[in-house]
Structure formats: C-alpha cells, structure tokens
Amino acid sequence: MGIKVLQISTVCGSGSVGRIMVDIYHTLERNGDVPLIAYGRRKAPEGIRAYRFGSAPDMALHVLSTFLKGEHGFASAGQTRKLIRKIREWDPDVIHLHNIHGFILQTELLFAYLKEAGKPVVWTLHDCWAYTGHCAFYDYNNCDGWKSGCRACREYRKTYPYALFKNRTERNYIRKKAAFTGVSGLVLAVPSGWLKAEVEQSFLKEYPVKVIPNGIDREAFRPTKSRLRETLGLQGKFVILGVANVWERRKGLPYLIGLSRRLPEDCRMILIGLSGKQIRGLPGNVLGLERTSSVRELAEYYSMADVFVNATLEDNFPTTNLEALSCGTPVITFDTGGSPESLDESCGRIVQKGDAEGLLRAVLQEKEAPKSREACLKRAEQYEKYGRFQEYAELYHELAGRGE
C-alpha cells in the first residue's frame, strides 16, 4: 500500500534542490505512493501536486529580519503556522525536509510541531546551514567555529545569508541547537561522505546520517549533438566549460578568469550563469552567458566542451559534475568538500584547492591526453536519478513501518 510523503523546501522545480524534489516526487508516483510538495516561493511546475505557503511580502520581511537583525530562519511565523495547518490537514506518513532556510520559515515553530507530532522525519542537508550559527558554507574561510558555538564570527556580512548590521551568530547557534535536536524518528540524509563526516562533529550528531548522492536525469543530460562550435566559431579550439547557478565568490570565478589569461591560443572558455556585469568584465577569450533554463541547451554545451572545470572553493556534492559526466565530458575540480567524490581517475582530475598552477597544469594535461568519454558515461551510470532517489522511497517505507 502506498504512503503519503510531504516534501518541504524553499522552491519547487527550480534550482538543483527544487529539481531533486520533483525527481523524488516522480519516483514516488512511479511506486504508487502519494507525494505532495510544500514550498515557499516562485512557482511549481505544471502537473505537480504542490502547496505554496509563502508569499512575496513575507519573504521581504524575512530578508529584512536577516539583514537588520542578523536572524535568519526565525521570521515568517504566520507562514509557518499556515504550513503546520496544512500538514495537520493532509496528515502525511513521512515528512521530508530539504532547505528550510531561504527566507520562508520560522524554524523553531516548525520543529516544535515536529517534536509534538512524532511523525517520521527525513532531513536532507544540501549545505551546512543547519548546524552553524549563520553560514551555509564555511570552507572558503577555513572556519571551524561551528564546532564550539560560532563565537566571534567575523564573516557574517560576507557569507549567505548576509546579515549587514548585527552579529547574532552565537545566539542563532544556541537557538538552532535547541530547536533542531531532540526530534524522535528523525534521520539525516546527505549527498556526500564529506558532509556526513562534518555533521557527525556537529550538534546534530545524535541523529543517524545516511549518504544518498544526488541523482540526475540521464535522459536529459546525455551526449547531445549541436552546431554550437560552428555557431560560436570554435572549430578546432579546445573548449573549457564552467557552469554555476550563481557565480558568487565561493564558485571560484577569479580562478577561471586567471586560468583564461594563461591558456594557449587554441583554447577558449565558456562560462554559463553569469550576470550582465560579470559578462562585461570578461577577457576576450572567454564567452560569457547568462543562466539558461533549457536543459537541452545546457546538455549541448556540456557535450560540445572538451572539459568541464569546477573551480569551486566550497561545495557539498555539485550536480554540475554529474551533468558533465552524463554528457561524456571529463571534469577537473578543486579538492573541495564532496566535489571530488563523483570522480575517479578514468573521468576526472583533482587539483588541490586554490592551486592556480595545478589547475592550469590539469587543463593542459587534459588537452594533451584526454580522458575517455566512454569512461565518463560509465561513471555517470550510478547517478541515474531513479536509482538514487529510490533510496529515499525505501527509507520512507522503512520509517513508516510499511517496508517489505
């Protein structure tokens, strides 16, 4: 018999987490279960049973609370009560949390309800926000303050979610620890072994942690023929591709720009996901493109490129690596977080984080002795989305007490 599973996150269908939720939704449908997605902002895709509890005015107030008071995840009380009423009404067998930050929820209210309800809960950590006093990632700053209470944080203005006026990191840490611990029946899921090791040193260590790598749609991301090389005048060029949803500082844009200035004449770089301002500041041998919402177009760029370079300075388990591999394109990445975990020697090269010389050396090595595209496709097989997300379906049934 099918079970009812409610997923909760910031957005539905857009961004990597939003797409993961929809893929889990379709996996549950295929299995005969009953899924519902509750989300805070933007729109859900057509055909998805979804409930929007957030609003644009409320999000604006939450942004102000973060900027002015340094408190993220502690506003939006009215929207959170609205969500809780929906949960009581729909009465799911399992609740699956994804990103509960993102200016949408009063997390203390939500977790007070979860403790009262006693329902099985899966919480996928797509970043590190859950156990820090402020930031979603800390690798960039080599910070381990989260291990001892996030005291005297100096980066709260520079790291997401940005707090411009007040440093409440230590207080936030105390509030989050009190709220997020003590939930019976909660299981944490993480996409990488790196994040699992980090979580097990945090105040969330009381919970079991299961590694479930992200999956991708290998029907969408596959070797795709196009005329991009001809259209862009790249015939006979060695093409280096970089892709990011937002090219913020942790994504390593300065390293790619620096790399572009040292490439041989027969090399060209393409960067996707840039802002107009970033595009205007690019060197002449770099083609900059704004974000594309077309998966087909993105697959064409991955397939056309000779190598995908991920110069991320902090990351969990980037799906861009998986997308490149699934299109048959080798990957070069910094040894950052869980980014190297999707690679082996047959399909990728790993460079010490921040080593600009090593990055250039790896690109030139790939140019002279390219990795096998067949090996990339073989490696990508293990990240086929229904195989990966079936692990969630099995976990739901296990927690609901209805497993085989």
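Student: How far is the sulfur of Cys150 from the closest cysteine sulfur, and in which residue is that sulfur?

Tutor: Happy to start there, keeping in mind that this is a predicted model. A disulfide needs two cysteine sulfur atoms within 2.5 Å. The gap at Cys150 is too far for a bond, because the closest cysteine sulfur is 6.4 Å away, in Cys135.

Student: And which cysteine holds the sulfur closest to that of Cys135?

Tutor: Cys135 is buried, with a relative accessible area of 14%, and Cys150 is buried too, at 11%. The sulfur closest to that of Cys135 is 6.4 Å away, too far for a bond, and it belongs to Cys143.

Student: How many disulfides does the structure hold?

Tutor: A disulfide is a covalent bond between the sulfur atoms of two cysteines. The sulfur of Cys135 is too far from its closest cysteine sulfur for such a bond, and so is that of Cys150. For the structure, the count of disulfides is zero.

Student: Let's step back to the whole protein. What is its radius of gyration?

Tutor: The protein has 14 helices and 13 strands. For 404 residues the globule rule gives 22 Å, and the protein comes close to that, so it is as compact as a globular protein of that length; its radius of gyration is 21 Å.

Student: What share of the 404 residues is buried?

Tutor: A residue counts as buried when its relative accessible area is under 20%. The C-alpha trace of the protein spans about 65 × 50 × 35 Å along its principal axes. Of the 404 residues, the buried share is 57%.

Student: Which strands stand at the edges of the open sheet of six strands?

Tutor: The order in this sheet is 10-9-8-11-12-13, with parallel pairing. An edge strand has a single partner strand, so one side of it is left without a neighbour in the sheet; this describes strand 10 (286–289) and strand 13 (348–351).

Student: Which residue in strand 10 stands opposite Ile270?

Tutor: Strand 9 (residues 267–272) pairs with strand 10 in the parallel sense, over four bridges. Within strand 10, the residue opposite Ile270 is Leu287.

Student: What angle does the direction of helix 8 make with that of strand 9?

Tutor: Helix 8 (residues 253–260) packs on the sheet and touches strand 9, strand 10, strand 11 (307–310) and strand 12 (331–334). Its direction and that of strand 9 make an angle of about 160°.

Student: And what angle does helix 11 make with strand 11?

Tutor: Helix 11 (residues 319–326) packs on the sheet as well, touching strand 8 (238–243), strand 11 and strand 12. The angle between the directions of helix 11 and strand 11 is about 175°.

Student: Which residues is Thr319 in contact with, leaving aside its neighbours within four places in sequence?

Tutor: Thr319 has its place in helix 11. At 12% relative accessibility, Thr319 counts as buried. Beyond those sequence neighbours, its contacts are Ser16 and Asn214.

Student: How far is Val307 from Gly242 in space, C-alpha to C-alpha?

Tutor: Val307 lies in strand 11 and counts as buried, at 0% relative accessibility. Its contacts, apart from neighbours within four places in sequence, include Phe238, Val239, Ile240 and Leu241. Val307 and Gly242 are 65 residues apart in sequence, and in space their separation is 9.0 Å.

Student: How far apart are the end C-alpha atoms of helix 1?

Tutor: Helix 1 (residues 15–31) has 17 residues, and at 1.5 Å a residue they should span 24 Å. The separation of its end C-alpha atoms agrees with this, at 25 Å.

Student: Which helix do the buried residues of helix 1 pack against?

Tutor: Among the buried residues of helix 1 are Val17, Ile20, Met21 and Leu28. The buried residues of this helix pack against strand 1 (4–9), strand 2 (34–39) and strand 4 (94–97), and also against helix 14 (385–400).

Student: Which residue with a positive phi follows helix 5?

Tutor: Helix 5 (residues 169–180) should span 16 Å, and its end C-alpha atoms are 16 Å apart, which agrees. Its buried residues, including Tyr173 and Phe180, pack against helix 4 (107–117) and strand 5 (121–124). After helix 5 comes a residue with a positive phi, near 85°, and that residue is Gly182.

Definitions and conventions:
Residues numbered from 1 in each chain as written. Predicted model: local features only at pLDDT ≥ 70, side-chain atom pairs only at ≥ 80, totals over all residues. Heavy atoms only, no water. Helix = DSSP H or I, 4+ residues; strand = E, 2+ residues; numbered from the N terminus. Expected span 1.5 Å × (residues − 1). Buried < 20%, exposed > 50% of the residue type's maximum accessible area, 1.4 Å probe, protein only. Contact = heavy atoms within 4.5 Å. Pairing = 2+ DSSP bridges. Axes fitted to C-alpha atoms, helices over the stretch in contact; angles between N-to-C directions. Rg over C-alpha atoms; globule rule 2.2 N^0.38 Å.
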